[in-house]
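Keep the sequence and the 3D view open, and try each task before you read on.

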Amino acid sequence: MLPHAVTNPGIDSVSGHEPNRWEGAINRLPGIALVGALALMAIELGKIGWLQRNGISALTVAIVLGMIAGNTLYPRIALLSSSGVTFSKQTLLRAGIILYGLRLTFQDIANVGFPGVAIDACVLSSTFALSWWAGTRVLGLDRRTAMLIGAGSSICGAAAVMAAEPVVGGRAGQVAVAVSTVVVFGTLAIFLYPALYHLSEHFQVLAMSPRAYGIFTGSTVHEVAQVVAAGRAVSDTAANAAVITKMVRVMMLAPFLVILSAYLSRSPDSREKISSDNTQSVRRIVIPWFALGFVAVTALNSVAVLPKTAVSAAVNIDTVILAMAMAALGVTTHASAIRTAGFKPLALAALLFAWLVFGGAAINAGVSAVFV
């Protein structure tokens, strides 16, 4: 989503040679410094009483500050800062999610339990099926674009789009469109979900506990980062349930891709649509390793072998890392994303977003009622 094209990120555009590790690290420093400054500013602003009373966390502030910078300052320094911003949005985010496991134990995961898994499975399958059907039959989109938008909406945002690309044989333009829809509606969810919770609580529309809100958020919001922000905007209890539910959903990515790949490989129509240069990549399945790291750290925290002071320090560091990732996410959220996506993909993404909010709420209520 940067305003310039990078043909090969591993080649230095000035010297024409492949940078070594030290050069790569130095190239990241300006972008890391940018999002680090935004993150520290957000953490300080997050201490303001009015923001805390209205459920606006430091992570939400970091995204807002990032969006302001991304649409004003950042385009002028993108060439200098893009490497560090991308590193923060991807690598630091995954590190932050892994360390988030230090806030949880297996007892917390058990509290989400089988209902959370069932909700995730129902939301994933229904959202992807709706995207495939409505995208191709109602809106007339090509099947690859419909599947990529469906993967991003139903599983884990841009990461799912990138993981599904080799399976469906998507082109760069189709991937960019699908990622744009995730940016638009996932960002909207960060602000809409907490607002809906507080309005519901104020007017007593729905009796939704913070834990139930967390499960709803984790099972329906697009990106992991967006789930963390929307959960923390309500409470720590909501955030914990949201992250656990979301990580279960993320771990469904691998079996989802295996099933989709198997289906497409058996479909004669699909084999004709996938070009020969994508034949080998169709078999490649991307495993969300950071989700496994999250489980491993949670397991380590569950046996209580780490000193409490070390855990407390690591949690504070994790807050800074997550704020940096949120700021980077905001920096790369450009207003041009709406123009890039086009009307039909945005219409499909809007339909899926409405389904995730209202259909997801119905699925959450129905499954929860069955297991009460």
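**Exercise 1.** Find which residues Thr298 is in contact with, leaving aside its neighbours within four places in sequence.

*Solution.* Step 1: contact means heavy atoms within 4.5 Å. Step 2: with that rule, the partners of Thr298 are Gly101, Leu104, Thr105, Phe106 and Ile109. Step 4: Thr298 is buried, with a relative accessible area of 0%; buried means under 20%, exposed over 50%, and partly exposed in between (1.4 Å probe, protein chains only). Step 5: look at Arg103, which is 195 residues from Thr298 in sequence and 7.7 Å from it in space, C-alpha to C-alpha.

A word on where the values come from: this is a predicted model, in which local features need pLDDT of at least 70 and side-chain atom pairs count only at pLDDT 80 or more, while totals for chains, interfaces and linings use all residues. Residues are numbered from 1 along each chain as its sequence is written, and side-chain values use heavy atoms, with hydrogens and water left out.

**Exercise 2.** Decide whether Ile43 is buried or exposed, and find its contacts.

*Solution.* Step 1: locate Ile43 in helix 1. Step 2: its relative accessible area is 18%, so Ile43 is buried. Step 3: leaving aside neighbours within four places in sequence, Ile43 is in contact with Ala58, Val320 and Ala323. Step 4: Ile43 and Ala323 are 280 residues apart in sequence, yet 7.6 Å apart in space, C-alpha to C-alpha.

**Exercise 3.** Describe how helix 6 and helix 7 pack.

*Solution.* Step 1: two packed helices are described by the angle between their axes and the distance between the axes. Step 2: helix 6 (residues 143-156) and helix 7 (residues 158-168) pack at about 140°, with axes 8 Å apart. Here axes are lines fitted to C-alpha atoms, for helices over the stretch in contact, and angles run from 0 to 180 degrees between N-to-C directions. Step 3: list the residues that make the contact, among them Met147, Leu148 and Ile155 of helix 6 and Val161, Ala164 and Val168 of helix 7. Step 4: sort the contact by class, which gives 11 nonpolar, one polar and two charged residues; Ala, Val, Leu, Ile, Met, Phe, Trp, Tyr, Cys and Pro count as nonpolar, Asp, Glu, Lys and Arg as charged, and the others, Gly among them, as polar.

**Exercise 4.** Find where helix 4 bends.

*Solution.* Step 1: helix 4 (residues 74-100) spans only 29 Å between its end C-alpha atoms, whereas a straight helix of 27 residues would span 39 Å at 1.5 Å a residue. That expected span is 1.5 Å times one less than the number of residues. Step 2: the bend is about 80° at Leu80, taken as the angle between axes fitted to the seven residues ending there and the seven starting there.

Notes
Helices (H or I, at least four residues) and strands (E, at least two) are DSSP runs, numbered from the N terminus.
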